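This report describes the structure shown below, beginning with a pocket and then turning to the sheet and the helices.

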Amino acid sequence: MTTLIVGAGLVGSQVARILVEQGEKPVLMDRAAQPEAIGQIVESSRVTLIEGDILRPLTLVKAFRDHGITGIVHTAANPMLTLGAQRDPYSAIELNIMGTVNVLEAARASGIKRVVVSSSNVLSHFLAGGEGKGDLMREEALPRPTTFYSATKQAIESLGLNYAKWCGIEFAGLR
């Protein structure tokens with residue numbers, strides 16, 4: 001089994017370290033990886049580092065084929081998370097939602113069954129609503145995100161669950 005970790009930042013590097021400790025040699029894919037920083041978390045010789053961009057789906061498919069990928073952990077995120085998304089909503093929406101759809105769709109088209117995505121605990125904090133006492137006829141009945149970042153994370157969880165239901169992808173969104 002070879003896992004592709006999309007996003008070689010702090011979270012992706014920590015996931016790589018855990019997989020290495022379990023005997024795997026994961027592949028880390030990033031647009032602008034920082035090998036020195038990654039090397040402080042996981043021994044560089046025990047991972048494969050490649051350049052790629054989830055906004056260019058063919059780089060995903062190439063990585064799958066070149067490295068025999070059987071599972072994906074998607075940790076890529078826009079810089080500064082909530083603050084960054086509030087400053088530049090379009091980039092956050094493009095990277096978080098379309099990037100995740102590209103990962104899910106490339107996995108579906110390539111027959112990769114397992115996709116794990118970094119979601120966020122912002123879905124427990126940046127919400128409004130829920131005061132409707134269960135009355136679905138009231139607009140405020142269900143909680144909804146109040147920031148661009150939390151809205152994108154809710155969207156990727158919903159999309160992933162639909163890929164699981166309709167496309168047979170084993171999906172997990174981790175908060």
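## The largest pocket

Helix α1 (10-21) makes the greatest contribution to the lining of the largest pocket, supplying five residues. A pocket is found on a 1 Å grid over the protein atoms alone, as an open set of points where a 1.4 Å probe fits, with protein on both sides within 12 Å along at least five of seven lines; its lining residues have an atom within 4 Å of a point. The model is predicted, so that local features need pLDDT of at least 70 and side-chain atom pairs count only at pLDDT 80 or more, while totals for chains, interfaces and linings use all residues. Residues are numbered from 1 along each chain as its sequence is written, and side-chain values use heavy atoms, with hydrogens and water left out.

The largest pocket holds about 960 Å³ of space, a volume being the space filled by probe spheres set on the grid points, which are joined across faces, edges and corners. Its lining consists of 44 residues, and Gly7, Thr75, Ala76, Ala77 and Asn78 are those nearest the centre. At least two lining residues each come from α1, β2, α2 (35-39), α4 (81-87), α5, β5 and α6. Sorted by class, the lining has 23 nonpolar, 14 polar and seven charged residues. In this scheme Ala, Val, Leu, Ile, Met, Phe, Trp, Tyr, Cys and Pro are nonpolar, Asp, Glu, Lys and Arg are charged, and the others, Gly among them, are polar.

## Asn78 and Leu81

Asn78 is placed in the loop between β4 and α4. With a relative accessible area of 7%, Asn78 is buried; the cut-offs are under 20% for buried and over 50% for exposed, with partly exposed in between (1.4 Å probe, protein chains only). Apart from neighbours within four places in sequence, Asn78 has contacts (heavy atoms within 4.5 Å) with Gly84, Ala85, Ala92, Leu95, Asn96 and Tyr149.

Leu81 belongs to helix α4 and, at 41% relative accessibility, is partly exposed. Leu81 is not a glycine, yet has a positive phi of about 40 degrees. Most residues other than glycine have a negative phi.

## The six-stranded sheet

Six strands form an open sheet in the order β3-β2-β1-β4-β5-β8, with parallel pairing. Its edges are β3 and β8 (170-174), each of which pairs on one side only. On average, neighbouring strands of the sheet are turned by 20 degrees against each other, direction ignored. Two strands count as paired if DSSP finds at least two bridges between them.

Strand β1 has both faces covered: Thr3 and Ile5 on one side, and Leu4 and Val6 on the other, are all buried. Three bridges connect β1 with the parallel strand β2, where Ile5 stands opposite Leu28. Four bridges link β1 to β4, again in the parallel sense, and Val73 in β4 is the bridge partner of Ile5. The parallel pairing of β4 with β5 likewise has four bridges, and there His74 is partnered by Val117 in β5. Strand β5 (residues 114-118) pairs in turn with β8 over five bridges in the parallel sense. In β8, Ala172 stands opposite Val116 and Gly173 stands opposite Val117.

Helix α3 (residues 57-67) has Thr59, Leu60, Val61, Ala63 and Phe64 as its buried residues. These buried residues pack against β1 (3-6), β2 (27-30), β3 (48-51), β4 (71-74) and α5 (89-110). Directly after α3, Gly68 adopts a positive phi of about 60 degrees. Helix α6 (residues 148-167) lies across β5 and β8, running at about 160 degrees to β8. Such angles run from 0 to 180 degrees between N-to-C directions, and axes are lines fitted to C-alpha atoms, for helices over the stretch in contact.

Pro35 lies in α2 and is partly exposed, at 39% relative accessibility. Leaving aside neighbours within four places in sequence, Pro35 is in contact with Ser44 and Leu49. Pro35 and Gly68 are 33 residues apart along the chain, and their C-alpha atoms are separated by 22 Å.
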